[in-house]
Amino acid sequence: MTHQSHRIALIPGDGIGTEVLPSARRVLDAVGRHHGIGFSYTSYDWSCERYVREGSMMPEDGLDRLREADAILLGAVGYPGVPDHVSLWGLLIPIRRTFRQYVNLRPIRVFEGVDSPLRSAAAGEVDLVVVRENVEGEYSEIGGRLNQGTPEELAVQEAVFTRAGVTRIADYAFSLAARRRGKLTSATKSNGIIHTMPFWDELIAERAAEHPGVTWDQEHIDALAAKFVLDPARFDVVVASNLFGDILSDLAAAVAGSIGIAPAANLNPERDFPSMFEPVHGSAPDIAGQGIANPLGAIWSAAMMLDHLGHPEAAGDIDNAITAVLAKSDVRTRDLGGTATTDEFTEKLLELV
């Protein structure tokens, strides 16, 4: 019996996004049946292929359509011949900013059964979360280009850090650390970036005083990237600006063994707007259409969506199934050294949900 139902907007997007999202939906439906949770899906063909056909990633009323959803599940966007800034600024960034999804949450874990490329990164020891500021920072629209096509051509890009923006991401990260292992690391570069990063450091320290149960430190981004490789097990929650968080989370996913596993959540913590959940791996046009993509990133993203919607037990069932399929079976997609298709891997995982 269904006790609660959620409206989910599906944006499969491009490339392998259209292949992994059906797997996530199958797992959601299976877990939903166990827990009395129903889902109604509305699918949108918004993508780079749509851009090629119609000149825009999504229709003019696209954001209004999404506003009615309880959550958004995205596959991936990106297509050969369409510049990446077109797909990002035509779809993802408008959704993130209009719906105030200012937290980008990226958990990283080394699973039993998946070898990290690092000898020191052991299963059960590397378990961290990158909390990335998602709507301001270095990814601003302020700036421009002058004297294009001349020897004097220049480009100016302004980073924007606000007290409100840094404070709310800091509070979210400290609160998350308090619920986890009580450790937080702040990524900075205040020795070289003279205005925004000292401001970031001051505000992180200010908010730390409000979270006395959390032990915290700060690391310059270059040294922090090195320590992610040399000693990833030391980290619990890492809070970072938009650019730094973007880079660190992909590096950490590689440390965990495959970027195909990594999930992401774009959260509006106040729940005034729908949040969006997506695998980190991108559209992977080199393997698109072959049915061999790893669906774990999408499935784990769906688990994060369930948790955000208030179903931690159902989300935990998916997490346990992901852990079990990797630890107790030899079924692997190609990126993990196996030969299983997307569907074969999904079938095996469904046996364990």
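This is a predicted model: local features need pLDDT of at least 70, side-chain atom pairs count only at pLDDT 80 or more; totals for chains, interfaces and linings use all residues.
Strand 11 spans residues 263–267, and burial extends to 5 of its 5 residues. Pro263, Ala265 and Leu267 point to one side of the strand, while Ala264 and Asn266 point to the other. In a regular strand, side chains alternate between the two faces of the sheet. In strand 11, the residues directed either way are all buried.

Strand 11 is paired with strand 4 (residues 103–109) in an antiparallel arrangement that comprises 3 bridges. An antiparallel pairing also links strand 11 to strand 12 (residues 275–279), here through 4 bridges. Alanine 265 takes part in both pairings: leucine 105 is its bridge partner on one side, and phenylalanine 277 of strand 12 stands opposite it.

## Loop residues with positive phi

The loop between strand 11 and strand 12 contains arginine 271. Although arginine 271 is not a glycine, its phi is positive, at about 65°. Is this residue buried or exposed? Arginine 271 counts as exposed because its relative accessibility is 51%, and the cut-off for that class is over 50%.

A positive phi is also found at arginine 100, another residue that is not a glycine, with a value of about 50°. Arginine 100 belongs to the loop that lies between helix 4 (84–98) and strand 4.

How many cavities of 30 Å³ or more does a search of the whole structure find? The search returns 1 such cavity. The space within the largest cavity amounts to about 40 Å³.

Its lining consists of Pro107, Ile108, Arg109, Ala253, Ala256, Ser258, Ile261, Ala262 and Trp300. Strand 4 supplies 3 of the lining residues, which is the largest share. Sorted by class, the lining comprises 7 nonpolar residues, 1 polar residue and 1 charged residue. Strand 4, which contributes to this lining, is the strand joined to strand 11 by 3 bridges.

## Strand 8 and its parallel neighbours

Strand 8 (residues 183–188) is mostly covered, with 5 of its 6 residues buried. Strand 8 runs parallel to strand 9 (residues 215–220), and 6 bridges connect the two. Within this pairing, serine 186 faces glutamine 218 of strand 9. Between strand 8 and strand 9 the chain passes through helix 6 (residues 196–208), forming a right-handed β-α-β crossover.

A further parallel pairing, with 3 bridges, connects strand 8 to strand 10 (residues 237–240). Here threonine 185 has valine 238 of strand 10 as its bridge partner.

## Helix 5

Which residues of helix 5 are buried? They are Gly165, Val166, Thr167, Ile169, Ala170, Asp171, Tyr172, Ala173, Phe174, Leu176 and Ala177.

Definitions and conventions:
Residues are numbered from 1 along each chain as its sequence is written. Side-chain values use heavy atoms; hydrogens and water are left out. Buried means under 20% relative accessible area, exposed over 50%, partly exposed in between (1.4 Å probe, protein chains only). Two strands pair if DSSP finds at least two bridges between them. On a 1 Å grid over the protein atoms alone, a cavity is a set of points where a 1.4 Å probe fits but cannot get out, and a pocket is an open set with protein on both sides within 12 Å along at least five of seven lines; lining residues have an atom within 4 Å of a point. Grid points are joined across faces, edges and corners, and a volume is the space filled by probe spheres set on the points. Ala, Val, Leu, Ile, Met, Phe, Trp, Tyr, Cys and Pro count as nonpolar, Asp, Glu, Lys and Arg as charged, and the others, Gly among them, as polar. A crossover is right-handed if, with the strands pointing away from the viewer, the path from the first strand over the helix to the second runs clockwise.
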